[in-house]
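Here are my notes on the interfaces in this model, as numbered points. Please read them with the structure open.

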Amino acid sequence: MLSNLGNSILFLCVILSLSIIYFANQNLKTPEGKISKIIYQFSLIQSCLILVCFFTLIAAFIVSDFSLINVYQNSHTSKPILYKISGTWGNHEGSLLLWAIILTIFSFLFLVYNNNHPKKFRLLTLIVQNILILGFLFFILFNSNPFSSIVPVPNEGLGLNPILQDPALAIHPPLLYIGFVGSSIYFSAAIASLISNYSSNSFSLSIKNWVLVSWCFQSLGILVGSIWAYYELGWGGFWFWDPVENASLLPWFAMTALFHSLIVFERRNIFYFWVIILCLMTFILSVMGTFLVRSGILNSVHTFASDPSRGLYILSFLSLMIFVSIFLLFKKYKRENYNINQNSKETFILINNWFMMFYLATVLLGTIYPIFTDAITNNQISVGPPFYNTIIIPIAVIFLLFMAVGPRVKWIKNKFEDLKIYTFILIGSLLINFLITYFLESYSILSNLIIISALFLISSSLIDGIKEFKKKRLDYARIISHASFGFLVLFIGLNDVFSIEKDYNIKLGETKKFENYSIKFQTLNLKEFSNYKAVVGELEILNTDTNKKNILSPEIRIYDNPQTLTYEASIKSSFLRDYYLTMSNIDRSDYYNIKFQKKPLMIWIWISVVMIVIGGFLRIFTNAKSN
Amino acid sequence: MKFKLFLILFVLYSQSIFSEEKKIDPNSIHKNLRCLVCQGQTISDSNSDFAQTIKLVVKDLIDEGKTEEEIYSFMSDKYGEWIVFKPELNMHNSLLWILPYIVLIFGGFFIFSLIKKRH
Amino acid sequence: MQKATKVLIILFLIFVISIFYVSLNRDTSYNTSSLINKELPEFEISFFDEKKFYKKNDLKKNDYTLINFWASWCAPCRTEHPILMKLSQEKNLKIFGVNFKDKKIHADQFLKELGNPYAFIGKDINGKQSVRFGIYGIPESILINKNLLIMKKFVGPLSSENLNQIVEIIN
C-alpha cells in the first residue's frame, strides 16, 4: 500500500516538474513583468508533495512495513524508534529522497525570496533547478527506488548496521545534504545568469545568502561527522583524510572561496566569471563526491553499499552537468578589465581563493589519484594522512598569516600604517609559543610555526575587533569566524602535540604504569540489553601526580540483528582534556588489548567549529537586515 | 627585545637537534600501515590476527635498526604499495606529490599577473 | 580564451571521466598478485616437532612445491583439506604445510581427523614468518617451481577449479 502511495507521489512530482518547466518556458515568452501565479503554486505543491512522499517512507519505517525492500534491508522491529526514523535517510535510496527534497524546497524558496531580480534570470534558474530535480527523480524511480516492494513479505527486517545507530549519525546526513545539495541552487542560478547575461553585481545579492546557508550547514555536517568518528570508530582521531570525509570537504573549500570572492564581486563588480566558475564547481564537486562514495570505486573507512549501475547513472549526470557548464562558460566568457592594487582587500581575498584552490586541488588529487594509478598502471596505492599532513600543514602557516592581515586592509588602495602593530602581535605570539614550549615539553618546528601563526591570527582578529568596536563598526561575523578559525588551528595543533597514546595487552587484575598514570583492569562484566549483549570492562585511570581517579568502562558489543561485533570507546571529557579508552579481545587468549589516549582540549576543537559556524549565521542575519 | 628573539630562535634550533635523536615510535608506524583484512582501519586501530602479526614484525624490524622508510618499503615489497598510507615518491606517484605545488605556484603567478596590470 | 586552451580543458575532462568510467567496472578488491613471478623470499620455518629449520634452499629439491598456510582453528582450512589430500597424490608436487599460530595438540588432532597431505610440516607460532610471504589471512597457498619462483598465489580456500589449475601447471 505504502509502496503504491510513494510511487504515485514520486510520479506526480515528475509531472509537476515537467509542468513547471513548461509554464516557466511559456512565461519567458510573455512580455509581462511578473512571474505567473501558477508557477508559484506548482512549486509550492511540488515541495509539499515531496515532503509527503518522505513522510510516507518514514511511516513505513516506523510501522516496520517489510513489504518495502528498503525497510526490510535497513530496519528491524526491535530497533529503537529514533533509529527507525533515522534509518530512513541512513541508506542510499532514502538519502536520495532527501536530496530531492532539498533540491525542491530550495527551488521554491529561491523563487519566493528573489523578487527584485530580473524575471528571465529567475525563471531560468527555476528551469535549470527543475531539470536537476527531474534527474534525481528519475534516478530514484528507475534505479534506486525506496518504494520497491518485495513478495512474499518477510516477517522481520535485516536490521541496521549498529555503528550507524547513533544520534550524531542520525542528524549528520540532513545537515550535510542541506550543505552540498543546497549548493545546487547557485549552480542553477549561475547557469541562468550566464544564459540571461545577468552579470551585474546585483547577481551576487541573489545568491550570497544561499552560499552562506549551505556553507554553515556543510560545516556543521562535517563537524557532526567528525564527532561521530571520534567516539564511534575507536581510533581516537576525528579526521582520517578518508575519501568519504574528503568528499565532504571538497565542496566546503569551493564554498569558502566563493563567499569570499562574492564580497569583491558585490563591492567592485569584478571577478564575475570567477564567481560563476566557483558556483558551478561547488555543486559539481558535491555530485562528484556522491559519485565517488556511492559507486564503490574507492575503498573507504566508512561503509556504503555500492553498486556500479548507480555509479554509471551519477557519472552520466555529472558529465552532463560538467559539459553544459563548460560549454556555456566558453560561449559567454569575456575578458574582464581589472584594476587591482597590490595592497588592497581585493588582493587579499584573491589570496584566500588561491589557498582554497590549493587545498582543494591537493585533497581532490589525493582522493582520486589511487583510481588513476589503478586504472592506468594497475598499481594500487593508498593516499592517507601522511600525504595530506606533509603537503597541507606547512602551507597552512602562510595562509594563517595572510588571513590575519587581510581583513584590515582597505578596499582599492591601502597604505600599511600599522606595521608596528603586526610586529607587536607577532612578537607576542612568539612569546606565548615560547611559554608553551618551555613549560610543557618540546615539539617540532612545524608545530611551533603552526601555533605561532594561529596565535597571530587570533590576536590580530581580536585587536581588530576592539578597534572596530571603538569606532562602532564592529563586524561580529567576520571577527568571530576568523578568530575561531585561529583557535581551531591552535587547539588542533596543541591536541596533536600533547596527546598521549598507550597500547597494552592486559589481563584482568593487572596494572600498567607509564609517565604519571597507572591503569588498573578492575572488573569485566557481561550485560544483556534489548538488542545486544555487551562485555563491559572497568578500568581505573589514576593520575599519580594529582591522585585523581577516573573509571572508564569500554565495551565490546555483540549485536543480534545483524550479527555484528563493535567496540565502544569510553570517553571522559573535561575542559582541559579527554581520556579515551578502547578495549578489544584478542583471539585465543585471555588478554585484552586496551588503547588509552589522553587528548588535550578536545572539546575546544568542537567549540571552535561551532563558533566559526555562528559567525556564518551572524553574517546571514546582518545581510538579511541590510537588504 | 632582540635578545628575547634570539633566545627563542635558539630554543627552536636546539629542539630540532634533539628531535633527531628520538627513537622510532612503533605506534607512529602502525598508524601509517593499512590493516588489509579490516575495513579501512590502520594496523594501530585493529586487533585482528593480521594486525597483531604486523605489529610483531615492525617491532623486530625496529630492533634490527631499520629506519622508518626501510620498514615501509619492506612492507610494500611484501604486500604491495596499498599497505602504506604515505605513497612513496617514485615514478608513478610523482604527479601526486608535485601537482599540488604546481597549482600553488601557478596560482601565485596568476594573482601576480592580475595585480601587475594596474595602471 | 584561446582555442587550444579550450580543447585542452575538454580533453582533460574527457580523460578524467573515462577513467572514472573504466574504474566503475573494475574489481577494486585487494590482492598480492604483485608477488607472482618473483623469487621466494628467505625464510626460517622451524620443524613441526624438532628444533630444526626449513630454509629456502630446502625447497630446491622438489619439482614443484605448494606452500600451504593452515591452522586447526581456521574453518575454511577444513573445507580446502580434501583438495590438498587429492593434490598430495601428484608426483611432481610436494606440499609444504605451515601451521599458523596454532597449538601442536590441536594441529595433530586436525591431521589425524582429516588426513595428512603434507610432505613436510613447519610451524609459524607467532606468524612472523608468514609476513615474509605476504600472507594476510589464512588459508593461503603459494605454488613455486624448482627455481623457487612464485608461479601462483591462492588467497582463501582452494577450490576444485584451483586444483585443476595446479595440476595443469605441474604436468
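1. Between chain B and chain C of this predicted model, 5 residue pairs are in polar contact, both residues of each pair being at pLDDT 80 or more. On the chain B side, the elements that give two or more residues are helix 3 (49-63) and helix 4 (68-79). Helix 3 of chain B supplies the largest share, 8 residues. By class, that side of chain B has 9 nonpolar, 3 polar and 4 charged residues.

2. The rule finds 2 salt bridges across the interface of chain B and chain C. One of them joins C:K128 to B:D60, with the closest N and O atoms 2.9 Å apart.

3. The contact involves 16 residues of chain B and 17 residues of chain C. Together the two chains bury about 1,300 Å², and 61% of this lies on carbon and sulfur atoms. On the chain B side, B:T53, B:K78 and B:Y79 lose the most area to chain C, together 41% of what that side buries.

4. For chain A and chain B, 54 residues of chain A touch 47 residues of chain B. About 4,600 Å² is buried between them, 65% of it on carbon and sulfur atoms. A:W354, A:Y369 and A:S382 lose the most area on the chain A side, together 13% of what that side buries.

5. Across the interface of chain A and chain B there are 2 salt bridges, including B:K31 with A:E501 at 2.6 Å between the closest N and O atoms. Polar contact links 11 residue pairs there, both residues at pLDDT 80 or more. Helix 12 of chain A gives the largest share of the chain A side, 13 residues.

Key: Residues are numbered from 1 along each chain as its sequence is written. Chains are lettered from A and ligands numbered from 1 in the order in which they are written. This is a predicted model: local features need pLDDT of at least 70, side-chain atom pairs count only at pLDDT 80 or more; totals for chains, interfaces and linings use all residues. Side-chain values use heavy atoms; hydrogens and water are left out. Contact means heavy atoms within 4.5 Å. Buried area is the accessible area (1.4 Å probe) that two parts lose on being put together, summed over both. A salt bridge is a side-chain nitrogen of Lys or Arg within 4 Å of a carboxyl oxygen of Asp or Glu. A polar contact is a pair of N or O atoms within 3.5 Å; within protein, one must be able to donate a hydrogen and the other to accept it, and residues adjacent in sequence count only if both atoms are side-chain atoms. Helices (H or I, at least four residues) and strands (E, at least two) are DSSP runs, numbered from the N terminus. Ala, Val, Leu, Ile, Met, Phe, Trp, Tyr, Cys and Pro count as nonpolar, Asp, Glu, Lys and Arg as charged, and the others, Gly among them, as polar.
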